[in-house]
Amino acid sequence: MSGKRGSLVGLILFVVLMGAGGKALWLWLDRPIERVSISGEFTYVSAAYLREELSPLIQGQTWLSVDLGDLRQRAREISWLSEVTVSREWPNSLSFELAEQIPAARWNDEFLINPDGEPFAIGPVTMPEGLADLAGPAGSGPEVLAYFDHLSRRLSTLGLDITQLRLEARGAWRLQLNDGAWVMLGRNDREARLSRLSAAWQRQLGAQASYIRYIDLRYPNGVAVAWHGETDAGESEEPENT
């Protein structure tokens, strides 16, 4: 009986010592984070921008206790980062592998959108030059960007660039050509209307482009053109509401 009691006491002491030792080991390993390394290819954001955005996320964190999943998610919310991988490095360092957002166009004046049509804030980063200016209701980024790509391919055969494309809340489209004339495309029969624009541009309007204020394609037949210095489009028929 005394032998069994001695074995039980020994087992309890062993567990207590292991627990105390494990806690001591955890405390010894769980040091403050003293070094952070960043890797990735960056075209638009600077090292200073990344340091400023990441520093608050690791402030007060310790090497073993920091939740890497939560830290990755919070870093992923930095506007110019599209992907984040974070890992521990012995004995007290973190390593961030970052992927930068690729701006595809300006969006609603204050944002950019990436190739997936997802908007992100410009922040303190210098605005990239040569981007088209797109706009639309919330959540319409993928649709507007896809239609911009479609229109760009179609109108490039006429030597035209789209500098602005806007989707109105009621579903109507309008676009600006070569930083000049606006085109009112409307909602319906857009392919037929673009065909009329193409024919009219090649027949006459291309040679008079610098004088055009806007082109209204929302008429059932033909197009209406407003010239600089005029107040109304040169078309007697009222446009459709589409």
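Q: Which residue of β3 is the bridge partner of Ile38?
A: The bridge partner of Ile38 in β3 is Phe96. This is a predicted model, where local features need pLDDT of at least 70, side-chain atom pairs count only at pLDDT 80 or more, and totals for chains, interfaces and linings use all residues. Residues are numbered from 1 along each chain as its sequence is written, and side-chain values use heavy atoms, leaving out hydrogens and water.

Q: How do you know that β1 and β3 pair?
A: Two strands pair if DSSP finds at least two bridges between them. β1 and β3 (residues 93-100) have five bridges, in the parallel sense. Strands here are DSSP runs of E with at least two residues, helices are runs of H or I with at least four, and both are numbered from the N terminus.

Q: What makes β1 and β2 the edges of the sheet?
A: The open sheet has three strands in the order β1-β3-β2, with mixed pairing. β1 (35-39) and β2 (81-89) each have a single partner strand, so one side of each lacks a neighbour in the sheet. Neighbouring strands are turned by 20° against each other on average, direction ignored.

Q: Why are α2 and α3 called roughly antiparallel?
A: Angles run from 0 to 180 degrees between N-to-C directions, with axes fitted to C-alpha atoms, for helices over the stretch in contact. Over 145 degrees counts as roughly antiparallel, under 35 as roughly parallel, 65 to 115 as roughly perpendicular, and the rest as oblique. α2 (residues 47-58) and α3 (residues 68-76) pack at about 150°, with axes 10 Å apart. They are therefore roughly antiparallel.

Q: Which residues of α2 and α3 meet?
A: Contact means heavy atoms within 4.5 Å. Leu54, Pro56, Leu57 and Ile58 of α2 meet Leu71, Arg74 and Ala75 of α3. By class, this contact has six nonpolar, no polar and one charged residues. Nonpolar means Ala, Val, Leu, Ile, Met, Phe, Trp, Tyr, Cys and Pro; charged means Asp, Glu, Lys and Arg; the others, Gly among them, are polar.

Q: How does α2 lie on the strands?
A: α2 lies across β1, β2 and β3, at about 135° to β3. α3 also packs on the sheet, touching β2 and β3, and its direction makes about 150° with that of β2.

Q: What makes α4 and α5 roughly parallel or antiparallel?
A: α4 (residues 141-156) and α5 (residues 190-203) pack at about 30°, with axes 12 Å apart. That makes α4 roughly parallel to α5.
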